[in-house]
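The entries follow in the order I worked.

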Amino acid sequence: MEKTTAGNNATSQQPYLRITDLTKKFGAFTALDKISLEIFDGEFVCFLGPSGCGKTTLLRAIAGLDIQTYGRIEQGGQDISALPPTERDFGIVFQSYALFPNMTVSKNIAYGLENRNAGKKEIAQRVEELLELVGLPEQAQKYPAQLSGGQQQRIALARALATSPGLLLLDEPLSALDAKVRVHLRHEIRSLQERLDVTTVMVTHDQEEALTMADRIVIMNDGIIEQVGTPLEVYREPETVFVADFIGTMNFISGTIDGVQTVAVGGQSLRCNTDGLASGSQVTVAVRPEDIVVHEVEGEHENIFNVVVAEVEFLGSFVRADLVADQFGDNRMRADFSINLIRRLNIEEGANISVLIPAERIRVYSGNP
């Protein structure tokens, strides 16, 4: 199966990184299947997907660490498909930091510059500049073991940026850190990337990281690209059931197209965009928990369901309620309600309420869930 995608940038702009029909096989196993993708100058792009989907293999192919079986990679208009890593213009940061334990922080950062035979004065100036950039000027003479995980990752980032690469590759750089440090560092990395305007590709399995950091997200599954889009696009307009299920939380119900813009769900007609699917088609109806709202206004309205609150789960700033109704069959619909709403309407387990599902918030996919 082939998926070809392109960025949202104006078509007159040439991509900085162009990947065409990239395929990678390990024996009989196909890790990447005809991947085509364009990444533009200064973009921050995240490769997102479950373990084994091919995202790290794609990053390593871009770096030349795992040469593709066939396909083409161009960077800045140059074909780099067969170049060894040392001849490609990139800096890379790994999840394990990969700092040299026997070298000081300064020596770690200077490593790439020394390999390029830069002058001592130039190296010293660049190291000082980068330590300031990552907020660790006082750590220059320390060794990696004397730093926290977050500090080590910042040094790894400074080392990757030392040679001013055209492309920055981040291989799950935050996954080894604890949650609080991870949240703080992802904002720092994004801010740094914007200031330097360096084209950046990051691999992550953490959808929150991708949604908060990326200009565009490349969602991968079983060696193909399922969808490419902005964080808002992939969250609000998932193109496949896989993307809808993988990004955030989603409710799925079986239905049948019974009109031009209506779907029959458990005997009740639901108005929504049916994407031109033929009448009688079996479909999957998808709606996010936050898009289900309590119906409090009297009068005739579309997409109203009378439901029973089967279970409520307190999640801090909101409550997730499991709703049951005849129309949902054996499925439960999850709905997210604010704490204030729960208090005001005294919604609790066993309560009977009416909910509204806005037509514009419903996605319909061909086939059953």
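At what angle do helix 4 and helix 5 pack, and how far apart are their axes? I found an angle of about 20°, with the axes 11 Å apart; helix 5 covers residues 179–196. The model is predicted, so I noted that local features need pLDDT of at least 70, side-chain atom pairs count only at pLDDT 80 or more, and totals for chains, interfaces and linings use all residues. Residues are numbered from 1 along each chain as its sequence is written, and side-chain values use heavy atoms, with hydrogens and water left out.

**Entry 1: helix 4 and helix 5.** The angle makes helix 4 roughly parallel to helix 5 (under 35 degrees is roughly parallel, over 145 roughly antiparallel, 65 to 115 roughly perpendicular, the rest oblique). Angles run from 0 to 180 degrees between N-to-C directions, and axes are lines fitted to C-alpha atoms, for helices over the stretch in contact. Helices are DSSP runs of H or I with at least four residues, strands are runs of E with at least two, and both are numbered from the N terminus. I listed the contacts (heavy atoms within 4.5 Å): G150, Q153, R154, L157 and L161 in helix 4 meet V181, H184, L185, E188, I189, L192 and L196 in helix 5. By class, this contact has 7 nonpolar, 3 polar and 2 charged residues (Ala, Val, Leu, Ile, Met, Phe, Trp, Tyr, Cys and Pro are nonpolar, Asp, Glu, Lys and Arg charged, and the others, Gly among them, polar).

**Entry 2: helix 2 and helix 3.** Helix 2 packs against helix 3 (residues 120–133) at about 125°, with axes 9 Å apart. That makes helix 2 oblique to helix 3. Helix 2 passes helix 3 in a right-handed crossing. On the helix 2 side I noted V105, S106, I109, A110, L113 and E114, and on the helix 3 side I123, R126, V127, L130 and L131. The residues of this contact divide into 8 nonpolar, 1 polar and 2 charged.

**Entry 3: helix 2 and helix 4.** The axes of helix 2 and helix 4 come within 7 Å and cross at roughly 30°. The two helices are therefore roughly parallel to each other. Helix 2 passes helix 4 in a right-handed crossing. V105, N108 and I109 of helix 2 make the contact with I155, A158 and R159 of helix 4. I counted these residues by class as 4 nonpolar, 1 polar and 1 charged.

How values were computed. Left-handed = near helix turned anticlockwise from the far one by under 90°.
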